[in-house]
Each structure stands twice: as C-alpha cells, then as structure tokens.
Amino acid sequence: MPITIAIDGFSSCGKSTLAKDLAASMGYVYVDSGAMYRAVTLHFLRMDIDINNIDRVNEALADLRLDFRNEGTHQRVLLNGQIVEKELRSMAVNKLVSPVATLSNVRAELVRQQQHIGRDGGIVMDGRDIGTVVFPNAELKLFVTAETQERVRRRVEELKSLGTPTPSKEVEVNLTERDRIDSTREDSPLRKAEGVVVIDNTNLSREEQADMCLALAKLRA
Ligand code: CDP
C-alpha cells in the first residue's frame, strides 16, 4: 500500500531536498506545499492586494488557479497557467509569504487542495502543517531542522544561483522572522506532530539524510 509521508520544519532546512529524494526512491509524487503559499503570495503581489482587506483577499482567491507539472524529479508550480518558479523564490515573496500564510481563508483553500491531491497516498508533501493538519494520519511524519547559520548559508546560495545575490544578514532576518510568524500564528502553527521523527541535518549529507528516512519509510510501508 502506498503510504503518506509528511515533512514539516523550519524555513530553509532542506525539507524539499529530502522530500524529492524520498519521492524518487519510493516512486511517489512530491508536493511542495510552500510553493502553493508562495504562489498565492505572488498572485496577491501582482494584484496589489492589501492582505488586511478580507473582501479583496477573497476576490483574489476566487481568481486563483494552481497546477503542478512534474518533469522527472522536478516539479513546477503554475499560477493561472503560467510558470512562475523563479519569482516564487524572490525576496519580495520571501518577505510577504508568512503574513499571507496566517490568513485562515488562504489556509482553508490550500489545505483542501492538498488533501485532494494526496487522497490516494503515495505522496511526499513538505510544509509547516502537513503532519498536524493536512495529513494527521500520515504513516510517516518527519520534522526537519538545522542550525540557523547553516540554513542561512543554504538560502544565500539559492538566491545567488537565482541571479539575485542578497546579504546574509537580510536573509537571516527573513528566516528568523518567518519562523517566528509560522510558529506563533493562531491557525495551524508550526508544531511537532504527534509521533513525529525529528531529523537535525546540520551535519548530515544529502545521501545520509535520504538513506535514514528511506529506511523509516520502508518500515512503515
Ligand atoms: O523554502 P522555505 O523552507 O523557506 O519555505 P517554504 O516551504 O517555501 O514555505 C514558505 C512559507 O509558506 C512558510 O514560511 C510558511 O509561512 C508558509 N507555509 C505554511 O504556512 N504552511 C505550509 N504547509 C507550507 C508553507
């Protein structure tokens, strides 16, 4: 029976790398729920939505269509039919995404879509509320963490590779602030789900992390 693997954790601690590796080894679908929150944020930025104006937020949500396209191990998120990957990782989106993710109307719509995508199992999804809210019955729940300096180093590299080098202080402030908002919001805060396995990957290579978690997944499948 294909199982459900839920991965949660702080910003930029390698959840998506682990999720992709697990999905590839298990032959499962990988879904990046953070990309969905990022796409909604980009949509709001493009429509110049004041996120405190709930009517405008609801109008914008009614106008939103998200699709996923899998290309090998690579997963693209389409916003209203358009590929927007690079913009999803921009600092403008990094700065607004956590405030957007506090909005219950946004969360309700995305959780509904995520549960629909994962209804038959055989899925690895990463985010902040996957083991607690989206798939509380997932057979394997992982909580990934790493030391802040290592997370900042990884995100600085990502922004550089996108052609938008950003000072590490600015990146650190953004990561710390996002973790604070994500952990303290009222609706679905980032928490360790019941039965979760905690992985600190500061000193683990990508392969070591993937092998450990794959062994766990095989035991639960
Ligand atoms: O890549 P990074 O770990 O920095 O973040 P992400 O997974 O792309 O998620 C971006 C933001 O979306 C998070 O900081 C949360 O505010 C929000 N998010 C959420 O609230 N719930 C999820 N399931 C996934 C993301």
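In this predicted model, the ligand is surrounded by 20 residues. The closest of them are Arg38, Arg107, Asp129, Asp182 and Arg185. The ligand takes up the space of the largest pocket, and the protein covers 97% of the 530 Å² of accessible area that the ligand has on its own.

- The side chain of Arg38 has an N or O atom that is 2.6 Å from an oxygen atom of the ligand.
- For Arg107, an N or O atom of the side chain is 2.8 Å from an oxygen atom of the ligand.
- Ser12 contributes through its backbone, where a polar atom is 2.8 Å from an oxygen atom of the ligand.

**The shell around the ligand**

- Three elements, α2 (33-46), α5 (91-100) and α9 (168-184), each give two or more residues to the shell.
- The element that gives the most to this shell is α2, with four residues.
- Sorted by class, the shell around the ligand consists of 10 charged, six polar and four nonpolar residues.

**The largest pocket**

- The space in the largest pocket amounts to about 980 Å³.
- Its lining is made up of 42 residues.
- Among the lining residues, Ser16, Asp32, Arg89, Arg155 and Glu158 lie nearest the centre of the pocket.
- By class, the lining of the largest pocket holds 18 charged, 14 polar and 10 nonpolar residues.

Note on methods:
Residues are numbered from 1 along each chain as its sequence is written. This is a predicted model: local features need pLDDT of at least 70, side-chain atom pairs count only at pLDDT 80 or more; totals for chains, interfaces and linings use all residues. Side-chain values use heavy atoms; hydrogens and water are left out. A residue is near a molecule or strand if one of its heavy atoms lies within 4 Å of it. A polar contact is a pair of N or O atoms within 3.5 Å; within protein, one must be able to donate a hydrogen and the other to accept it, and residues adjacent in sequence count only if both atoms are side-chain atoms. Accessible areas come from the Shrake-Rupley method with a 1.4 Å probe; for residues, only the protein chains shown count as cover. On a 1 Å grid over the protein atoms alone, a cavity is a set of points where a 1.4 Å probe fits but cannot get out, and a pocket is an open set with protein on both sides within 12 Å along at least five of seven lines; lining residues have an atom within 4 Å of a point. A molecule sits in a cavity or pocket if more than half of its atoms lie within 2 Å of its grid points. Ala, Val, Leu, Ile, Met, Phe, Trp, Tyr, Cys and Pro count as nonpolar, Asp, Glu, Lys and Arg as charged, and the others, Gly among them, as polar. Grid points are joined across faces, edges and corners, and a volume is the space filled by probe spheres set on the points.
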